[in-house]
Amino acid sequence: MNERLSALGDDLERDQQQLQRELEEIDLLLRQAATEAERHEARRVQAEQRVGQLEADPATPPEALAEARVLVLTQTRRATLMQAQLDVLGGKQRALQRFMDRINSALPVVRAVASETPVQVVNNSAPPAAAAETSDGLVAQEQMRREIARQMHDGPAQSIANIALQAQIVQRLFERDPARAAQELTELVAMVQQALEATKTFIFDVRPMVLDDLGLVPTLRRSAAERSRRSSVPVRFESVGTDRRLPTEIESGLFRMIEDCVSSYVVLSATSVLVRADWSEHAVRATVQGTSPKGVMTAEQRAKAVVAAARRDKTLPDQLASMIHEQEEDEAARGRGLPEGVRAELEQRAAPLGIAVNVTEDRWQIEFVAGV
């Protein structure tokens, strides 16, 4: 058994090294693509300014104006292509980083179990299955701590650092330019308010206190309102029947799974999302229904249509064409509703809680049924 675990550890280390090389390569490509994107955007702006100047001059020959407009179109297409490349590379980087984080979390545990260190056995009286479950729990907790730390660093911590810097600017200006200091102070107050809102949102995302205090229905109602405010997708919530408190693990599990479904439909560019809770004497039936964006051409989709057309340009480099093709496939997957991987993960999480999961054929509606 130890030999197999040791071999597994070796495989994980090789995967870790390979992922690190790929992440470094993608980081290099991202820097290069960002530089190219800035260059193309600058040229696009210059071309637009040139068209504006020519249009304002009555003596401009029609041929010159037409040529300038063609140049704007060309530069816009190139800038859009580079932005598409940045989006694709960024998505790959995030996916690889998630795999790397999981390997970094799992590898020490595998090595410890393989070498029969004290980490292997938390309680000598515990059966092997319980010991494995304990290890999995520790890995999950460590992953959660890492995610919370990352969100704190990128959100509230960054906001507080900006506030501190702004406060120093205001302090120096009060001595030299009180009028300017008053203006900067107004901006500082706005920054504090934004940081407070961001912190409240962060706390709600980690563990909404209203869920412990008031239960599932008030929490879902507030979450729908917040989601509608923070995104361009309207999210509605309805509750039918007499709601009541559920066991803590059921309330928490239902809320998290419903939130994940809503997030998925928002990412899929649903035109709207409806969350509905139907209460009966013996069960609660929670339904999340997204409205497919199929047939609705948004500004973003029109821009991506330009990218798709540009892909057919014979002068497009093969590597960039491949990346754009992958992006087109991702866009096509949006029309198919909830991704299969998300559905499988939700079913896996619901099973230990005794919650049934039903998904419609088009995967634009998912239903959770929990006994009460």
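These are my notebook entries on one predicted model.

**Ground rules**

I treat this as a predicted model, where local features need pLDDT of at least 70, side-chain atom pairs count only at pLDDT 80 or more, and totals for chains, interfaces and linings use all residues. Residues are numbered from 1 along each chain as its sequence is written, and side-chain values use heavy atoms, with hydrogens and water left out.

**Entry: the whole chain**

I looked up the secondary structure and found ten helices and five strands. Helices (H or I, at least four residues) and strands (E, at least two) are DSSP runs, numbered from the N terminus.

Next I checked burial. The chain has 372 residues, and 33% of them count as buried. Buried means under 20% relative accessible area, exposed means over 50%, and partly exposed lies in between (1.4 Å probe, protein chains only).

Then I looked at contacts (heavy atoms within 4.5 Å). Of those between residues at least 6 apart in sequence, 70% join residues at least 24 apart.

The accessible surface is about 22700 Å². Carbon and sulfur atoms hold 55% of that surface. Accessible areas come from the Shrake-Rupley method with a 1.4 Å probe; for residues, only the protein chains shown count as cover.

**Entry: a nonpolar patch**

I found a nonpolar surface patch of about 250 Å², made by Phe174, Leu185 and Val189. Patch residues have over 30% relative accessible area and no salt bridge; like charges are joined within 9 Å, and nonpolar side chains (Val, Leu, Ile, Met, Phe, Trp, Tyr) within 5 Å. Leu185 sits in helix H4, residues 178–206. Its relative accessible area is 35%, so Leu185 is partly exposed.

**Entry: the aromatic pair**

How many aromatic pairs does the structure hold? I found one. Tyr265 and Trp364 are stacked, with 5.3 Å centre to centre and 15° between the planes. Rings of Phe, Tyr and Trp (its six-membered ring) pair if their centres lie within 6.5 Å; planes under 30 degrees apart count as stacked, over 60 as edge-to-face and the rest as tilted.

The pair links distant parts of the chain, 99 residues apart. Tyr265 is in helix H7 (residues 248–267). Trp364 is in the loop between strand S4 (356–359) and strand S5 (365–371). Tyr265 counts as buried because its relative accessibility is 0%. Trp364 is buried too, at 5%.

**Entry: another residue of H7**

I stayed in helix H7 and looked up Glu251. Is Glu251 buried or exposed? Its relative accessibility is 2%, so Glu251 counts as buried. Leaving out residues up to four places away in sequence, Glu251 touches Leu211, Gly215, Leu216, Arg245 and Leu246.

**Entry: helix H10**

Which residues of H10 (residues 340–350) are buried? They are Arg343, Leu346 and Ala350. Seen down the axis of H10, these buried residues fall within an arc of 65°, so they line one face of the helix. The arc is that of the directions from the helix axis to the C-beta atoms. What do the buried residues of H10 pack against? I find H7, S4 and S5. The face turned away from the buried side carries the exposed residues Gly341 and Gln348.

**Entry: salt bridges**

I count 16 salt bridges in the whole structure. A salt bridge is a side-chain nitrogen of Lys or Arg within 4 Å of a carboxyl oxygen of Asp or Glu.

Glu238 and Arg276 form one, with the closest N and O atoms 3.1 Å apart. It links strand S1 (residues 235–240), which holds Glu238, to strand S2 (residues 273–279), which holds Arg276. The partners are 38 residues apart. Glu238 is partly exposed at 28%, and Arg276 is partly exposed at 29%.

Glu367 and Arg285 also meet in a salt bridge (3.1 Å, N to O). Glu367 is in strand S5 and Arg285 in strand S3 (residues 283–290), 82 residues apart. Glu367 counts as buried at 17%, whereas Arg285 is partly exposed at 38%.

Arg343 is buried at 17%, whereas Glu340 is partly exposed at 40%. Elsewhere, salt bridges that share partners join Arg236, Glu238, Arg276 and Asp278 into one network.
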